[in-house]
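The sequence and the fold come before the notes.

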Amino acid sequence: MENKKIVLLVGKGVSSNIVFHALNNKFNIYTVIAEEKESKRIFISRRIKKLGVFKVVGQVLFQLLVVPALNFYSKKEISLISKEYNLNDDEIAREKILNVKSINEDSVAHTLASIQPDVIVVNGTRIISKKILSVIKCPVINTHAGITPMYRGVHGAYWAMVNKEPEHCGVTVHLIDAGIDTGDVVYQSLISVERSDTFATYPLKQLAAGIPLLTNAVEDALAGNIKAFKPFGKSGLWYHPTIWQYFYHLIFRRIK
């Protein structure tokens, strides 16, 4: 497998750094194509059209006021999880990165067609367009922070706990298709939730549980024997909680 080419398509952030180092230590990543974060104005405008002003305002207030406080409150727990699972969030070396404005621009399609990767790993990007997917001739693998199809979207572990479904609190490694976390599943695993866990620690635990599964999936893909299955269950698409949703579930269900 020494001559195999593994390409990462990522959004810039801590989770992408962790995924890169975990895979690079084992496989030596060929290159990383990293997209810039989408304009907040464009993102919020699109979200308002889909969910309405009231809900989006609540989501923004949650992100601005609650998330920083939770990150501070959970700082020690986050550090413990990172050390326990040896999660390296150092910045990716510049020589490995090709920076692009969007993962869906034409230059990315041309680059992938030129590289002809053997497997592509996705982390933290916007939804990949059908145009980009059409030029890819290899497996495209993503680690999703939730058990699909019940917890598609974002913050699957948090919503599973809110809904009193710890049996669906976990992580999914799946193949990418044109939908939102709708691809065939390669591996899934649950996480254990402790009283000390919060909205800020769930994703890190999911990432820690997902990296060994992702590593196995990449090995399977390189060996040409990746096996995927259609997930079963009622499909649900979840978004960021609003500030009032968060405090309601904190007070009445003790979900932090």
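Predicted model: local features only at pLDDT ≥ 70, side-chain atom pairs only at ≥ 80, totals over all residues.

**Entry 1: a cut-off to begin with.** I count a residue as buried under 20% relative accessible area, as exposed over 50%, and as partly exposed in between.

**Entry 2: the whole chain.** I looked up the secondary structure of the protein chain and found nine helices and nine strands. The radius of gyration is 18 Å, close to the 18 Å that the globule rule gives for 256 residues, so the chain is as compact as a globular protein of that length. Along the principal axes, the C-alpha atoms fill a box of roughly 55 × 40 × 35 Å. Of the 256 residues, 45% are buried. I then turned to the contacts with a separation of 6 or more, and 75% of them join residues 24 or more positions apart. The accessible surface comes to about 13,700 Å², and 56% of that belongs to carbon and sulfur atoms.

**Entry 3: helix H5.** Which residues of helix H5 are buried? In H5, which runs over residues 106-115, I found Val 108, Ala 109, Leu 112 and Ile 115 buried. They cover an arc of only 135° around the axis, which puts them on the same side of H5. I recalled the general rule that an α-helix has 3.6 residues a turn, so residues three or four places apart point the same way. His 110 and Ser 114 are exposed, on the other side of H5.

I next asked what covers the buried residues of H5. The cover includes strand S1 (6-11), strand S2 (31-35), strand S3 (97-100), strand S4 (119-123) and helix H6 (130-135). After H5 comes Gln 116, and its phi is positive, near 55°.

**Entry 4: salt bridges.** How many salt bridges does the structure hold? I found seven, and I wrote up some of them.

One of them joins the side chains of Lys 26 and Glu 219, at 3.2 Å from N to O. Lys 26 lies in helix H1 (residues 14-27) and Glu 219 in helix H8 (residues 202-223), so this pair ties together parts that are 193 residues apart in sequence. Lys 26 has a relative accessible area of 47% and is partly exposed. Glu 219 is partly exposed as well, at 27% relative accessibility.

Glu 38, from my opening entry, meets Arg 46 in a salt bridge, side chain to side chain, at 2.7 Å from N to O. Arg 46 is partly exposed, with 42% relative accessibility.

I also looked up Asp 106, which forms a salt bridge with Lys 131; their closest N and O atoms are 2.5 Å apart. Asp 106 lies in helix H5 and Lys 131 in helix H6, so the pair ties together parts that are 25 residues apart in sequence. Asp 106 is partly exposed, at a relative accessible area of 45%. For Lys 131 the value is 42%, and this residue is partly exposed too.

**Entry 5: a nonpolar patch.** On the surface I found a nonpolar patch formed by Ile 48, Val 53, Phe 54, Val 57, Leu 61, Leu 64, Leu 65 and Trp 244. Together these residues have about 760 Å² of accessible area. Which helix gives the largest share of the patch? It is helix H3 (residues 53-73), with six residues. Ile 48 sits in helix H2 (residues 40-51). With 31% relative accessibility, Ile 48 counts as partly exposed.

**Entry 6: His 21.** Is His 21 buried or exposed? At 14% relative accessibility, His 21 counts as buried. I located His 21 in helix H1. Setting aside neighbours within four places in sequence, I found His 21 in contact with Asn 88, Asp 90 and Glu 91.

**Entry 7: Phe 229.** I found Phe 229 in the loop between H8 and strand S9 (237-238). Phe 229 counts as partly exposed, at 39% relative accessibility. What does Phe 229 contact, leaving aside its neighbours within four places in sequence? The residues are Asp 184, Val 185, Val 186 and Gln 188. I also took the C-alpha to C-alpha distance from Phe 229 to Gly 183, which is 9.0 Å in space, while the two are 46 residues apart in sequence.

Definitions and conventions
Residues numbered from 1 in each chain as written. Heavy atoms only, no water. Buried < 20%, exposed > 50% of the residue type's maximum accessible area, 1.4 Å probe, protein only. Helix = DSSP H or I, 4+ residues; strand = E, 2+ residues; numbered from the N terminus. Arc of directions from axis to C-beta. Contact = heavy atoms within 4.5 Å. Patch = residues over 30% accessible without salt bridge, like charges linked within 9 Å, V, L, I, M, F, W, Y side chains within 5 Å. Areas by Shrake-Rupley, 256 points an atom, 1.4 Å probe, with all protein chains shown as cover. Salt bridge = Lys/Arg side-chain N within 4 Å of Asp/Glu carboxyl O. Rg over C-alpha atoms; globule rule 2.2 N^0.38 Å.
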